[in-house]
Amino acid sequence: MAPAKQSESVTLQIPTEILADIDTIAGATERSRSHIILRALRGYLLQEGADILEAIEGGAQLDAGQHEDFDDVLAEMDRIIAGKVA
């Protein structure tokens, strides 16, 4: 059985000024363009991309009926604040 493919090749258009910055950073850090671009993509996925993925997952949970009634949550918070729940 062949091993699973660990990466895919993609083609994209990058504005010249951004590519120049990538090349400068790559040269200064003795890394490849691919390494710099991959790090940038990972950073995006950890920040803005993570928010988008969480929203998608939240929507799927709502569609599957996996949620709490907001009024029940507020009532529970009121009980906790009042010291009625340990």
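## The largest pocket

Helix α2 gives seven residues to the lining of the largest pocket, the largest share. Helices here are DSSP runs (H or I, at least four residues), numbered from the N terminus. The model is predicted: local features need pLDDT of at least 70 and side-chain atom pairs count only at pLDDT 80 or more, while totals for chains, interfaces and linings use all residues. Residues are numbered from 1 along each chain as its sequence is written, and side-chain values use heavy atoms, without hydrogens and water.

The lining has 17 residues, and V10, L12, I37, L38 and L41 lie nearest the centre of the pocket. The elements that give two or more residues to this lining are α1 and α2. By class, the lining holds 12 nonpolar, three polar and two charged residues. Ala, Val, Leu, Ile, Met, Phe, Trp, Tyr, Cys and Pro count as nonpolar, Asp, Glu, Lys and Arg as charged, and the others, Gly among them, as polar.

The space in the largest pocket is about 480 Å³. A pocket is an open set of points on a 1 Å grid over the protein atoms alone, where a 1.4 Å probe fits, with protein on both sides within 12 Å along at least five of seven lines; lining residues have an atom within 4 Å of a point.

## Helices α1 and α2

Helix α1 covers residues 16–29 and helix α2 residues 33–46; their axes come within 9 Å and cross at roughly 110°. Axes are lines fitted to C-alpha atoms, for helices over the stretch in contact, and angles run from 0 to 180 degrees between N-to-C directions. The two helices are therefore roughly perpendicular (65 to 115 degrees) to each other.

On the α1 side, L19, I22, D23, I25, A26 and T29 meet R33, I36 and I37 of α2, where contact means heavy atoms within 4.5 Å. Six residues of this contact are nonpolar, one is polar and two are charged.

## Helices α2 and α3

The axes of α2 and helix α3 (residues 48–63) come within 3 Å and cross at roughly 45°.

The contact has five nonpolar residues, one polar and one charged.

How values were computed
Parallel < 35°, antiparallel > 145°, perpendicular 65-115°, else oblique. Points joined across faces, edges and corners; volume = space filled by probe spheres on them.
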